[in-house]
Amino acid sequence: MTTTLSIQSIFKDFKEITKAGLAISVLFSSIAGYLLGFDSEFPFSWSTLIMLSIGGYCMVGASNAFNQVIEKDLDALMDRTKNRPVPSGRMSVNTALTIASLLTLVGLVLLYLINPKTAMFGAISIFLYTSVYTPLKTKTPLSVFVGAFPGAIPFMLGWVAATGNFGIEAGTLFLIQFFWQFPHFWSIGWFLYEDYEKAGFFMLPTGKKDKSTAVQTIMYTGWLIVASLLPCLGYTGQLFISPIAAIIVFLLGLWMLYFAIKMYKERTAKAAKALMLASVSYITLLQITYIVDKFLR
């Protein structure tokens, strides 16, 4: 019984140190990019998809583990993070660093076995997240802008894994997820403002829950809609969507814009949380729409 509980607690702590829920959602983006990228020239490969899935999880998990080591003292100050393995004392810093290092090594090897470019972008992602974004969170609101770069890599990483190329197609997928980061993270920064404030994190563009932050959230939602519709214009190489898919994506964008405008009008934690949930639904449904459209054409 004790052994079973011990294994369960170790597994639970591993899920928390790697942020399993977040890692899986990020992984979904990479898989979506892979499904969009393969074709007759670059045929589908189960082994590649499996290596991308495991390697991608390792890279995201490593980033999260390094992040929790760096921010352990700050995490202890916030209600939503104080019970994480490291700040709570359930896991030592050395153990967390060992897990993060092993995940990095395994992740890079698996991604390199797919192709060198995939490994390169994976390495860039983990470096930017841990060495640039994480330290900047207590220094400047620009941390969200910096964090948007590693955050936007997974969608295009799948395309690079499928084709071995980084061109207009992968760049477009990157652009979509890049602009998506802003309304997503600013909405989180809004409804968790008081908790973030305890640790001195600057997550909102003005540093405050004000009109300017809400306006910028609407603006970036607009840019997200524009970026999401680029594949229907015929200028994004092998990445394109049909007019029907474009209409669906546009309607999804209007739906998300509605919640952004609602946050501007109400400026409440409830409205911000609704936008956050809408943003998660938006990026997931957009990726599904792109994939279904490809296979139905």
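Colleague: What makes Tyr220 partly exposed rather than buried or exposed?

Modeller: Before I start, keep in mind that this is a predicted model. Tyr220 has a relative accessibility of 23%. Buried means under 20% and exposed means over 50%, so Tyr220 lands in between and counts as partly exposed.

Colleague: And why is Phe179 called buried?

Modeller: Phe179 has a relative accessible area of 15%. The cut-off for buried is under 20%, so Phe179 is buried.

Colleague: Why is the pair of Phe179 and Tyr220 called tilted?

Modeller: Their ring centres are 6.2 Å apart, and rings pair if the centres lie within 6.5 Å. The planes are at 50°. Under 30 degrees would be stacked and over 60 edge-to-face, so this pair is tilted.

Colleague: What parts does that pair tie together?

Modeller: Phe179 lies in helix 9 and Tyr220 in helix 11, so the pair ties together parts that are 41 residues apart in sequence. Both rings also belong to a cluster linked by ring pairs, whose members include Phe145, Trp186 and Trp223. Searching the whole structure gives 23 aromatic pairs.

Colleague: What makes Tyr258 and Phe259 edge-to-face?

Modeller: Their planes are 75° apart, and over 60 counts as edge-to-face. The centres, at 5.1 Å, fall within 6.5 Å, so the rings do pair.

Colleague: How do you know that the charged end of Lys294 sits over a ring?

Modeller: The ring is that of Phe38, and the charged end of Lys294 sits 4.1 Å from its centre.

Colleague: Now charges. Why do Glu16 and Lys12 count as a salt bridge?

Modeller: Their closest N and O atoms are 2.7 Å apart, and the rule asks for within 4 Å, so the pair qualifies. Glu16 and Lys12 are four residues apart in helix 1, about one helical turn.

Colleague: How do you know that Arg90 and Asp13 form one too?

Modeller: For Arg90 and Asp13 the N to O distance is 3.0 Å. That is within 4 Å, so this is a salt bridge. Arg90 is in the loop between helix 5 and helix 6 while Asp13 is in helix 1, so the pair ties together parts 77 residues apart in sequence. Asp13 is buried at 10%, whereas Arg90 is partly exposed at 42%.

Colleague: Which residues do shared partners join into one network?

Modeller: Lys12, Asp13, Glu16 and Arg90. The count of salt bridges comes to ten.

Notes
Residues numbered from 1 in each chain as written. Predicted model: local features only at pLDDT ≥ 70, side-chain atom pairs only at ≥ 80, totals over all residues. Heavy atoms only, no water. Phe/Tyr/Trp six-rings, centres within 6.5 Å; stacked < 30°, edge-to-face > 60°. Helix = DSSP H or I, 4+ residues; strand = E, 2+ residues; numbered from the N terminus. Buried < 20%, exposed > 50% of the residue type's maximum accessible area, 1.4 Å probe, protein only. Lys NZ or Arg CZ within 6 Å of the ring centre and 35° of its normal. Salt bridge = Lys/Arg side-chain N within 4 Å of Asp/Glu carboxyl O.
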